[in-house]
Amino acid sequence: MKLGYRIGLFLLLTLIAIVLFLLLWKRQGMDGQSQMGIQPEMESLEEMQELQPENIEIGPSQAQNFNELTTCNTICVYENLDRSNNQITLVEEKLPGKYIDMNREELEAALEEDSRVLTLEEREKGFCSQTLVAFSGEKVKIVRVYDTSVEETGFYLMAIDHYVWVYKMDKSTLYFKTDLMLEELPKKLQEEIVNGKYMASEEAIYNFLESYSS
């Protein structure tokens, strides 16, 4: 009876071993199939990445057109700077007709040309320069620089080493020397020249010298 018990136990263990072997074999097969399924998925993912927009070349027909043109509806903003007092004024108006249908380079060239050929009105305003600082089809911005300070003109008669010399407005830049002696002039006129006598023009200087030259 003990022999039969041992044979039955051996058969049971053998059966358990066979079942375990079959389970392990089946599991390995499923893992292999799973890995084979992942590989194609990874390859598909790589292919999709290669097709991302950054890797696709854009042809000329797809490229964005950056060469905008001005139109009759383009707004022009002038930023006017006065050097004499550093005051800035803004003027917004429609773009002048002569600047319509131009790209940025063409507008810059046109502004440069107009800066060389000024109108009388611009000269009287003290126009110095103009620069295009912003450009689009809807709006452009132009900085114009003016100098409205009034330039003082004239000369001063001054006494130097007993002679009358002519200086420019700054009283330090010599314009020319004369042979006229200070002592040869009336006392009151001498005092004016010692303090600096203003002469409005060259013509006034020559008239003065002719009057008091011997």
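This report covers the salt bridges of a predicted model.

## Basis

The model is predicted: local features need pLDDT of at least 70, side-chain atom pairs count only at pLDDT 80 or more, and totals for chains, interfaces and linings use all residues. Residues are numbered from 1 along each chain as its sequence is written, and side-chain values use heavy atoms, with hydrogens and water left out.

## Salt bridges overall

The whole structure holds seven salt bridges. The term means a side-chain nitrogen of Lys or Arg within 4 Å of a carboxyl oxygen of Asp or Glu. Side chains of opposite charge can pair when their charged atoms come close.

## K98 and D114

K98 and D114 form a salt bridge, N to O 3.1 Å. K98 sits in the loop between β2 (87-94) and α2 (104-116), and D114 in helix α2, so the pair ties together parts 16 residues apart in sequence. Helices (H or I, at least four residues) and strands (E, at least two) are DSSP runs, numbered from the N terminus.

K98 is exposed, at 54% relative accessible area. Exposed means over 50%, buried under 20%, and partly exposed in between (1.4 Å probe, protein chains only).

## Two further pairs

E121 bridges to K125 at 3.4 Å, N to O. E121 is partly exposed at 48% relative accessibility. K125 is partly exposed at 37%.

E192 and K197 meet at 3.0 Å, N to O, in another salt bridge. E192 is partly exposed at 30%. K197 is partly exposed at 22%.

## A network

Salt bridges also link E112, E113 and R116 in a network.
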